[in-house]
Amino acid sequence: MVPEGYKLVFEDDFNGDSLDTTKWRCRRSGKRRCGYNADSQVSVENGNLVIRQKYFDGEFGPGWYSGWVGAIPRFIRGYFEVRCICNKNVRRGPDINPFWSAFWVQARHPYEAEFSQGGPGGAEIDVVEALENFGGMPGIESNIHVKGMKDPPLLGDPTDHPPVVRLNIPDCFTAYHTYALEWTDKVYRFFCDGKMYFETSWGDGVSLVDEEVILSLEHAFSSEGIALDTESEYIIDYVRVYQKEDGVMVMPE
């Protein structure tokens, strides 16, 4: 349920037969960590956006391919919602999963202290990172990354962030769930199926700058030992963004 006072400002139900390029762009095409991002891995089918992960000899050579999309408008504050089935993880050892799907919001420079300034100048807000690396239980992680905090508690970490919040969802890889972020002028709140599970004002203040909404299927770790015929899909039913009067939607020039 959307909190009181918000109105819908952006929506895609993915009811066409291709990605709506007035709303989305494929991003980061090419080499990415342990694999490649390619537009070919993004499609719209049967009322869903589908991002696929698989191994093949593609436009950048043989390797693991997946994809990212980012919303065309950028936003300052709001209620950001996705209904999706996360991709099935592939376990390699007790802790590492090479592939995971995510729904997140990213500023232009959240990893540079001079811009982020501990958060007000921009953050990475991870609403959903679907993993299976905590006790073998399926679920999601939520987190916030900033840089340049005045008194960071995690010295030596590449970005200053709170302890990761993990939510056990037994069927997150096989059934639709609705995940959401409420970003206000004072706090971030995280929701699953309408219930808040995490609230924080982490950093030296919440982000005050415009940020991009991103859907991604990531291949961040070595896939050594993973069968080359392994495939998975990240299936997104819809994305919606709501804002109050103090929210800002920034369209590209």
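Which residues is Phe 103 in contact with, leaving aside its neighbours within four places in sequence? The legend to View 1 gives the list, and the other views follow from there. The model is predicted: local features need pLDDT of at least 70, side-chain atom pairs count only at pLDDT 80 or more, and totals for chains, interfaces and linings use all residues. Residues are numbered from 1 along each chain as its sequence is written, and side-chain values use heavy atoms, with hydrogens and water left out.

**View 1. Phe 103 and the nonpolar cores.** Contact means heavy atoms within 4.5 Å. Neighbours within four places in sequence aside, Phe 103 is in contact with Phe 80, Glu 81, Val 82, Asp 126, Val 127, Val 128, Tyr 179, Val 213, Ile 214, Leu 215, Tyr 234 and Val 239. A second, separate core of seven residues includes Ala 102, Leu 131, Ile 214 and Ala 220. The largest nonpolar core has 47 residues, and those with the most contacts inside it are Phe 103, Tyr 179, Leu 215 and Ile 236. A nonpolar core is a set of buried Ala, Val, Leu, Ile, Met, Phe, Trp, Tyr and Cys residues joined through side-chain atoms within 4.5 Å. Buried means under 20% relative accessible area, exposed over 50%, and partly exposed in between (1.4 Å probe, protein chains only).

**View 2. Strand β18 and its partners β8 and β11.** Helices (H or I, at least four residues) and strands (E, at least two) are DSSP runs, numbered from the N terminus. Two strands pair if DSSP finds at least two bridges between them. Eight of the eight residues of β18 (residues 212-219) are buried, so this strand is largely enclosed by the rest of the structure. Both of its faces are covered, with Glu 212, Ile 214, Ser 216 and Glu 218 buried on one side and Val 213, Leu 215, Leu 217 and His 219 buried on the other. Strand β8 (residues 68-71) runs antiparallel to β18 and is joined to it by three bridges; here Gly 70 has Ile 214 as its bridge partner. Strand β11 (residues 99-106) is also antiparallel to β18, with eight bridges, and Trp 100 is partnered with Glu 218.

**View 3. Strand β10 with β15 and β19.** Seven of the eight residues of β10 (residues 78-85) are buried, so β10 is largely enclosed by the rest of the structure. Seven bridges pair β10 with strand β15 (residues 177-183) in the antiparallel sense. Strand β19 (residues 232-243) likewise pairs with β10 in the antiparallel sense, over seven bridges. Phe 80 has Leu 181 as its bridge partner in β15 and stands opposite Val 241 in β19.

**View 4. Glu 182 in strand β15.** Glu 182 counts as buried because its relative accessibility is 6%. Its side chain makes a polar contact of 2.7 Å with the side chain of Tyr 6. A polar contact is a pair of N or O atoms within 3.5 Å; within protein, one must be able to donate a hydrogen and the other to accept it, and residues adjacent in sequence count only if both atoms are side-chain atoms. Leaving aside neighbours within four places in sequence, Glu 182 is in contact with Pro 3, Tyr 6, Gly 78, Tyr 79, Val 187, Tyr 188, Arg 189 and Phe 191.

**View 5. Helix α1 and Lys 147.** Ser 116 lies in helix α1 and is buried, with a relative accessible area of 0%. A polar atom of the Ser 116 side chain lies 3.1 Å from the backbone nitrogen of Lys 147. Lys 147 is placed in the loop between β13 (137-145) and β14 (165-168) and counts as partly exposed because its relative accessibility is 21%. Phe 115, in helix α1 (residues 113-116), is partly exposed at 36% relative accessible area. Not counting residues up to four places away in sequence, Phe 115 touches His 109 and Gly 121.

**View 6. Charges over rings at Tyr 176 and Tyr 238.** A charge sits over a ring if NZ of Lys or CZ of Arg is within 6 Å of the ring centre and within 35 degrees of the ring normal. The charged end of Arg 83 is placed over the ring of Tyr 176, 4.2 Å from its centre. Arg 240 lies over the face of Tyr 238, at 3.7 Å from the ring centre.
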